[in-house]
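Welcome! Take a moment to look over the sequence and turn the model around before reading on.

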Amino acid sequence: MSDKNFKGIVAFGIAVTVVLSGVCLYIEPLCTVICLVLGTAVICAFICFTKSRYNKLNELNNYLSLVCAGNFDLDIADNTEGELSILKNNLYKVIVLLRSQNELLKKDKVYLADSLADISHQLKTPLTSMMVMTDLLKNESNADKKKEFIEIMENQLDKMKWLITNLLKLSKLDAGTVDFKYEEFSVKNSLEQSIKPFLLAMDLKGISYVDCAEDFTVNGDSKWTAEAFENIIKNCIEHTDNGGELVISTENTNLYDSVIIRDNGCGIAKEDLPHIFERFYHGKNSSSDSVGIGLALSKAVFERENGKITVTSEIGKGSQFEIKFYKAIV
């Protein structure tokens, strides 16, 4: 109650009461008494109201201090009506929101650190291999051995190039800096472009290709979509044994059109299914050359096109990827 404005108002009220009481004394003594009583009552009421308001502000300040100290378990259901109670609740909401954002930032930092560790590990393996090959080449006189070492180095360089390229693409998708050219395109043509790079590998492994896909159009980026399909097809081929089968079909419903890519390979373990689209995740049946970003990239692309990718699988019987392109977004 040491506020100067408060003291000034009380002093002004007392002065007005005294002056009016003095004026009333010349008119009627009874008026003087009434004026003093009313003036004193108003001043006392003002003092009590202001004191109560200051107490509530002090409680609000203590409340805010506790929340800022990390005590988020405060009871906000005991608030009464009034502007200070509304302010209290709004302050609590803002602070909880800030706390949530802070926790998200911490998670992002942990995620970034883990991603950098994974990237470092993925690059370290081919780099180490090439360093060893370089040392061996220095002292190798056999032409056949040199050719073998050079082929190994070329394979490792190709792996690094693919890894770095896809990591950059995935980072751009995460940052939202990819300029998607949204236009109507034929899914059938996109699938045909996606399967072409693997026809020779499929022929060498004796994997038969069954095309049951019917054409429909999608609003998205045809190049990115084709690349997303490529990553899924690549995954299926890598996990299909010699003499296996790859089937691509489509399905049409009132809600969506979907592409189904199915193989009869080794399948995906049940415990790996929830994590199959996480970057750098390696399941039990992952190939030694897999780095775990192809499916993550595909998922990011389809989500940008308001699509959804799911997978079902059974060990020893194969896997099925379904990409749903919804006809309307609510």
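Predicted model: local features only at pLDDT ≥ 70, side-chain atom pairs only at ≥ 80, totals over all residues.

Residues are numbered from 1 along each chain as its sequence is written, and side-chain values use heavy atoms, with hydrogens and water left out.

Let us begin with the overall view. The protein has eight helices and seven strands; these are DSSP runs numbered from the N terminus, with helices being H or I of at least four residues and strands being E of at least two. Of its 330 residues, 34% are buried, where buried means under 20% relative accessible area, exposed means over 50%, and partly exposed lies in between (1.4 Å probe, protein chains only). Contacts are heavy atoms within 4.5 Å. Among those between residues at least 6 apart in sequence, 69% join residues at least 24 apart.

Now find helix α7, residues 222-238. Its 17 residues reach 24 Å from the first C-alpha to the last, close to the 24 Å expected at 1.5 Å a residue; the expected span is 1.5 Å times one less than the number of residues. Helix α7 is mostly covered, with 12 of its 17 residues buried, including Trp224, Phe229 and Ile233. At the start of α7, a side-chain oxygen of Asp221 comes to within 3.1 Å of the backbone nitrogen of Lys223.

An α-helix has 3.6 residues a turn, so residues three or four places apart point the same way. Lys234 is partly exposed because its relative accessibility is 28%, and Glu238 is partly exposed at 33%.

By this rule there are seven salt bridges. Another one joins Asp135 and Lys138 at 4.0 Å, N to O, and both of these residues lie in helix α3 (residues 83-139), three residues apart. A further salt bridge pairs Asp211 with Lys188 at 2.9 Å, N to O. Asp211 is in strand β2 (residues 208-212) and Lys188 in helix α5 (residues 187-195), so this pair ties together parts that are 23 residues apart in sequence. Is Lys188 buried or exposed? With a relative accessible area of 19%, Lys188 is buried.

Next, look at Val218 in strand β3 (residues 217-220). Val218 counts as buried because its relative accessibility is 5%. Leaving aside residues up to four places away in sequence, Val218 touches Glu183, Glu184, Phe185, Val187 and Phe325.

Finally, visit helix α8, residues 294-304, where eight of the 11 residues are buried. Leu295, Val301 and Phe302 are among them. Which feature stands out in the backbone of Asn306? Asn306 has a positive phi of about 60 degrees although it is not a glycine.

Note on methods
Polar contact = N/O pair within 3.5 Å; in protein donor to acceptor, adjacent residues only side chain to side chain. Salt bridge = Lys/Arg side-chain N within 4 Å of Asp/Glu carboxyl O.
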